[in-house]
Amino acid sequence: MAQEARSGGESSQVTTTKVGNHTPAPPRLRHTDPHHQGQSTKDQTRHKKAHSQEPLRREINPKRSPIGLWAGWLGVGWIEEWAKAENLGEPSKMERSEITEEESKGAAEKKKIFVAGATGSTGKRIVEQLLAKGFAVKAGVRDLDKAKSTFPGSNPDLEIVKADVTEGPTKLAEAISNDSEAVICATGFKPSWDLLAPWKVDNFGTVNLVEACRKQNVNRFILISSILVNGAAMGQLFNPAYIFLNVFGLTLVAKLQAEQYIRKSGINYTIIRPGGLRNDPPKGNIVMEPEDTLYEGSISRDQVAEVAVEALLRSESWYKVVELLLKEAPNVHLKSYFGSIKQR
């Protein structure tokens, strides 16, 4: 549940630093959705509209609790007003561009993935696993010097760029550029007395990334969130973990509002809600459940990274919210897990 720090200002110039001799990515390919093969154009349009118009399963009910009342007042409406003020426009359905397991193979056809929060404890594991799976990676970081020490050596498939999610979608779009096929958001605020920090990073920062994707026509977005973000609606208002994680500026409420923005945006998303994040190696197997199911437990960051990378390869993960824990349980392939979760 704990996330990495990604707050504070950066310079107005987006700086790019390449590790090793980086070969420019090949032209981006637009792929056919396997679920739409054999369908007419009208059928495909109707299928897309069904996703974009699908109502959210749950919203925070302002009448249920003091936190719900506060969050309801501070919620999606406020975000939309802020988005209008920033001239971000209304969410609209995006054209799909998907990555499949076969397409990730072969150096000549490597897809580049932008990772926000790449030097964080979870983000760096995502970068490492993407590289191991044969992807090219653009690592978005706030501190270039830290990035160089986090990713030592030379790797032609790794590009490091300066990117701060709090600086707005225009600068982020420059960092993402038009050569990224997907974005993985692994950012998180650093606990402090600044009660707006969770909203700057976990809420507005995530919204900025979605809008940056819109500017660059990047249509695949994976978010690392947290279990219990919808704890009030789950009846977990007095869960110690829910209380603790909301002490610093209602962190979980901020994350939930960002999730809702993503779901309404039309972008092809996978939202991953892990339990408490651990740095030690995995000791057990991943258990995946539907949204608003898990309210306790933990998981290794290595396994969270594994699920994030696997989501890129599996169409079964499209438009879904999944929750993760580590347990002594049978080892189930992630493709089967993703397929068992219903879209909502």
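These legends walk through several close-up views of a predicted model. Local features are described where pLDDT is at least 70 and side-chain atom pairs only at pLDDT 80 or more, while totals for chains, interfaces and linings use all residues. Residues are numbered from 1 along each chain as its sequence is written, and side-chain values use heavy atoms, with hydrogens and water left out.

**View 1. The whole chain, to get your bearings.** The chain holds 11 helices and 11 strands (DSSP runs numbered from the N terminus: H or I of at least four residues for helices, E of at least two for strands). Of its 344 residues, 54% count as buried (under 20% relative accessible area, with exposed meaning over 50% and partly exposed in between, using a 1.4 Å probe and protein chains only). Take the contacts (heavy atoms within 4.5 Å) between residues at least 6 apart in sequence: 78% of them join residues at least 24 apart.

**View 2. Helix α4 meets helix α10.** Here α4 (residues 123–132) packs on α10 (residues 301–313) at an angle of about 50 degrees, and their axes are 9 Å apart. Axes are lines fitted to C-alpha atoms, for helices over the stretch in contact, and angles run from 0 to 180 degrees between N-to-C directions. That angle makes α4 oblique to α10 (under 35 degrees is roughly parallel, over 145 roughly antiparallel, 65 to 115 roughly perpendicular, and the rest oblique). From α4, Arg 125, Ile 126, Gln 129 and Leu 130 take part, and their partners in α10 include Ala 305, Val 309 and Leu 312. Sorted by type, the residues of this contact are 6 nonpolar, 1 polar and 4 charged (nonpolar: Ala, Val, Leu, Ile, Met, Phe, Trp, Tyr, Cys and Pro; charged: Asp, Glu, Lys and Arg; polar: the others, Gly among them).

**View 3. Inside the largest nonpolar core.** A nonpolar core is a set of buried Ala, Val, Leu, Ile, Met, Phe, Trp, Tyr and Cys residues joined through side-chain atoms within 4.5 Å. The largest one has 41 residues, and Ile 126, Leu 130 and Met 288 touch the most other members. Helix α10 supplies the largest share, 8 residues. Leaving out neighbours within four places in sequence, Met 288 is in contact with residues including Val 307, Leu 324, Tyr 337 and Phe 338. Another core lies apart from this one, with 30 residues, among them Val 161, Val 165, Phe 221 and Ile 267.

**View 4. Two buried loop residues.** Val 218 sits in the loop between α7 and β6 and counts as buried because its relative accessibility is 0%. Its C-alpha atom is 7.8 Å from that of Asn 178, 40 residues away along the chain. Ala 233 is found in the loop between β6 (220–224) and α8 (240–246), and at 19% relative accessibility Ala 233 counts as buried too.
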